[in-house]
Amino acid sequence: MMFPLEEMKTTCHCSGYREQQQQPHTILYNILSRADSNYSNNDSLINNNQVNQYNYNKMIPHNCHCKQQRAVCLKNPEGTCQMASDVLVKTICFMKSLPSFSQLPVEDQLSLLRDCWVPLFSLGLAQERTVFEVKDVPQASMLRRILLNGQGPQSEEEQEVEDEGKMFLPTLAGVHKLRSCLNRLWTLDLSPKEYAYLKGAMLFNPDIPGLSTTVLINSLQQEAQRALQEVVLTLHPGDLGRFSCILLSTSDLQTISQSLITELFFRPVIGQANLFDLLSEMLFIRQE
């Protein structure tokens, strides 16, 4: 199950929720309550065997936005980052294996890489049935900092640096969006050929600004889509709506942010390095 029932029922302590309930609490109570919730809650991506056991759309949503916007991190960064790195390497290898991609101008290759690596990586996560868990990012409250460290409130400069860092942290809402995309793909149970042609259709995106070979890239996308449709009709002749469902399910992959994927799966490994620079090096490395 996506959330334990206890987590779904956990009382929210944000200002909006308190105003709705009209139950004022002391400052000390609120500080301690937030500290408890930060350290006790966690969320996990369901494994493949449970994909069809629950109807997640019927679950009662939490009315408070603070729960969805709370920062999260991987529960098992060592194992999950290794799996994510393997998927990323396979993604770049797929791109390099296509002569039609390698023969494009370098600038166009870089533009396609910049725009498409996240949806292609997400497709790879789905194809590899990658399962991961997340947890709340621990945040020490001001009271805890004072009691344990003897420190006073942060300066404005320190607070600005901390707030700026939090802007790039993965959120529970972002993880939910990624999980929803993976669940849709798992429900479709795509074959390896369907994944391959779907990746080609997503890679050759003629709508990216600044491309010098837009007409060629558009024809390559149409070719990949036709090949995908033929495979779908061959494998599922009685399912006339499958092709449209596949395209619809993958359109949501375009909304997955690069910052979510980078910070969640790769920041623990690459530190402050620029991931796109690393991807570019991987793309143009020639085997001896």
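Analyst: Buried means under 20% relative accessible area, exposed means over 50%, and partly exposed lies in between, with a 1.4 Å probe and protein chains only. Helices (H or I, at least four residues) and strands (E, at least two) are DSSP runs, numbered from the N terminus. This is a predicted model, in which local features need pLDDT of at least 70, side-chain atom pairs count only at pLDDT 80 or more, and totals for chains, interfaces and linings use all residues. Residues are numbered from 1 along each chain as its sequence is written, and side-chain values use heavy atoms, with hydrogens and water left out.

User: How many helices and strands are there in the protein, and what percentage of its residues count as buried?

Analyst: The protein has 15 helices and three strands. Of its 288 residues, 40% count as buried. Helix 7 is largely enclosed by the rest of the structure, because 16 of its 22 residues are buried.

User: Where does a kink lie in helix 7?

Analyst: The bend at a residue is the angle between axes fitted to the seven residues ending there and the seven starting there. In helix 7, a kink of about 55° lies at Cys-116, shortly before the proline Pro-119. Just after this helix, Arg-129 takes a positive phi of about 55°.

User: Which residues touch the most other members of the largest nonpolar core?

Analyst: In soluble globular proteins, nonpolar side chains tend to be buried together. A nonpolar core is a set of buried Ala, Val, Leu, Ile, Met, Phe, Trp, Tyr and Cys residues joined through side-chain atoms within 4.5 Å. The largest one here has 58 residues, of which Trp-117, Phe-121 and Phe-265 touch the most other members. Helix 7 (residues 106-127) supplies the largest share of this core, ten residues.

User: With which residues is Phe-265 in contact?

Analyst: Contact means heavy atoms within 4.5 Å. Neighbours within four places in sequence aside, the contacts of Phe-265 include Leu-74, Phe-121, Leu-125 and Leu-178. For the protein, among contacts between residues at least 6 apart in sequence, 85% join residues at least 24 apart.

User: How many salt bridges does the structure hold?

Analyst: A salt bridge is a side-chain nitrogen of Lys or Arg within 4 Å of a carboxyl oxygen of Asp or Glu. The structure holds seven salt bridges. One of them joins the side chains of Glu-133 and Lys-75 (3.7 Å, N to O). Glu-133 lies in strand 3 (residues 133-136) and Lys-75 in the loop between strand 2 (72-74) and helix 5 (77-96), so this pair ties together parts that are 58 residues apart in sequence. Glu-133 counts as partly exposed at 35% relative accessibility, and Lys-75 counts as partly exposed at 42%.

User: Where do Asp-189 and Arg-129 lie?

Analyst: The side chains of Asp-189 and Arg-129 meet in a salt bridge (3.1 Å, N to O). Asp-189 lies in the loop between helix 10 (172-188) and helix 11, and Arg-129 in the loop between helix 7 and strand 3, so the pair ties together parts that are 60 residues apart in sequence. At 28% relative accessibility, Arg-129 counts as partly exposed.

User: Is Glu-194 buried or exposed?

Analyst: Glu-194 counts as buried because its relative accessibility is 1%. Its side chain meets that of Arg-242 in a salt bridge (3.0 Å, N to O). This pair links distant parts of the chain, with Arg-242 in helix 13 (residues 242-251) and Glu-194 in helix 11, 48 residues apart. Arg-242 is also buried, with a relative accessible area of 5%.

User: Which side chain does a polar contact join to that of Asn-205?

Analyst: A polar contact is a pair of N or O atoms within 3.5 Å; within protein, one must be able to donate a hydrogen and the other to accept it, and residues adjacent in sequence count only if both atoms are side-chain atoms. A polar contact of 3.3 Å joins the side chains of Asn-205 and Asp-115. Asn-205 lies in the loop between helix 11 and helix 12 (214-235), and Asn-205 is buried, with a relative accessible area of 14%.
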